[in-house]
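This briefing covers the interface between two protein chains. The structure is shown first, and the notes follow.

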Amino acid sequence: MDKIKVTVCAGTACFVMGASDLMLIKERLPPEVADDVEISGCPCIEECKGSKNGRPPYVRIDGETIHSANIADVVARICEIRAERRTEAARAQS
Amino acid sequence: MLNLNNNATNIKRDILTRIARLALEGRLREGVFYIPSDIAPKNAKPFRCCVYRDREILRMRVIASLGISTEDCDENGERPLSDYASEALARESPTQPILTVLHEACNACVRSHYMVTNACQGCFARPCMVNCPRKAITVDRHASIDADKCVNCGLCLQNCPYHAIIKIPVPCEDACPVGAISKDETGKEKIDFDKCIFCGMCMRSCPFGAMIDKSQLVDVIRRVMEKDAQGGEGRRVVAMYAPAIAAQFKASPGQLEAALKAAGFDAVYEVARGADVCAEKEAAEFEERMGRGDKMMTSSCCPAYVRAVRLHVPALKGCVSETKTPMRYTAELAKSDDSRCVTVFIGPCLAKKREGIDDPLVDYVLTIEEAGALFIAKGIDVASFSEEARENVPTKEGRGFARTGGVARAVESRLSGAVECRATAVNGLGKSGMKTLAMFGMMNEGKIPLKADSPNLIEVMACEGGCIGGPLVVTNPKVAGALLDEYVEAGAD
């Protein structure tokens, strides 16, 4: 299975609204999930420029953007995506 | 203590951003009325009983963010927010006290007490009952505590094998290291400002966000706009940022400098330069004091600590270094470059707001929350700027002031070696930190004997971890620690 790529926007608006906590999200993932996830910070992804895009902080999980991100939501979404992937992979194998 | 980023801090930063935006557009008076209803629209799920109560508390938060004490508010809520905005825009300097309690937001928590939960098994050994020194516990299938007899010692909680007894605290009172917070006749909390050291612990511990610092953001924006309107004639506005601020964004000092200029400041000073001056003078003072036979000297850069000594640990008074703070020395630099300039300190600290009011060379103090709100309102992304060429780069030690241990290290690095230095650091003025201070005070008075290895240079930080763990930071101290390492490493040797 490819690693799930989590990108935390480290732009100013996101940082002011608490993105730094999200940089430490690996510590909050169950160990078996953490191995399948790759977490990195990135320069401003400019989601904050559009008023329709919700509010900072923004996190991208494999291209899907989460706004007003908090640790609990991001962890839950990562676990969901991982579970979906694993079911798909199992189905493909059988 | 609550996590650094939570609903209460997010709402506060959101309000500051909205206020900054309105002030920059020159329509603060007209627009401020709509902030509570914009944040809590009619169909939104209320946090409290109803959206109207939410709005009333938001209104109070807006008043505090305009820099006005909510204790002085009109009780009937008749005075419109636009009036408060006018008051904020008209004032010449920030007002005391720097902290305010939002009466309406305060939960009036039940007095701190112990409670037996349903997990109680009514066991045979009954360690809670046997160990209670006041015979306050009786068991009738289930333990119960007689509140009149209970003295809150906590032995029952420690002895219950089922963890059936819990402590229900009053978070702000528990967090206050100096007993400055107590209930008024209605059960709401009140701060005794004759005792308060402005460490900010209550503010960061209250789950209802009822304690809030009064902002000077509107004042600073007004100064910048006045200057811009007057062309070259106006007073220049300069920013002085604390070392801890360089660790709040993923950006280099050159980028932060460019960003602050884009936000409207005419010049930017690193307070680490003032820290260099401070370390130099403190090292000389240390050698002089030890030479004349003093037992110990403590740092003086943390304003919450200096106030704690003044109000609560008189035995240490003579030991606090008379050297001024890095903020003061940086303001001296700025005023010597341009005596008319308006100086704005930017830091992670609540107590600095008070120090700024007391120091005639410092005109305003912003927190990084407020500076961050200004950045967001102006659409500034710090890391997007190209690095400015920089001169006067402070030393690594000067930049290291932001972390516990850094101040003592900087002083040590400047000693001549004439006297022996035994440095230590008090990392955080919680209740145990205050006890450590009292112990040093007793040593100083000769009530506790000095040993050969007793420390003689004592750095005190009111916040655990140092300024990067300050009450008004936005960046998780763990992440900030790594960013500070980079900043320190790029300092001069």
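Chain B of this predicted model has an average pLDDT of 94, and 99% of its residues score at least 70; pLDDT is the predictor's confidence in each residue, from 0 to 100. For the complex, the predictor gives an ipTM of 0.91 and a pTM of 0.93.

**Extent of the interface**
- Chain B brings 22 residues to the contact and chain A brings 15 residues, contact meaning heavy atoms within 4.5 Å.
- About 1,600 Å² is buried between chain B and chain A, and carbon and sulfur atoms give 60% of that area; buried area is the accessible area (1.4 Å probe) that two parts lose on being put together, summed over both.
- On the chain B side, Lys250(B), Ile376(B) and Asp381(B) lose the most area to chain A, together 28% of what that side buries.

**Salt bridges**
- Two salt bridges are found across the interface of chain B and chain A, each defined as a side-chain nitrogen of Lys or Arg within 4 Å of a carboxyl oxygen of Asp or Glu.
- Asp14(B) and Arg55(A) meet through their side chains in a salt bridge, at 2.9 Å from N to O.

**Conventions**
- Residues are numbered from 1 along each chain as its sequence is written, and chains are lettered from A and ligands numbered from 1 in the order in which they are written.
- In this predicted model, local features need pLDDT of at least 70, side-chain atom pairs count only at pLDDT 80 or more, and totals for chains, interfaces and linings use all residues, while side-chain values use heavy atoms, with hydrogens and water left out.
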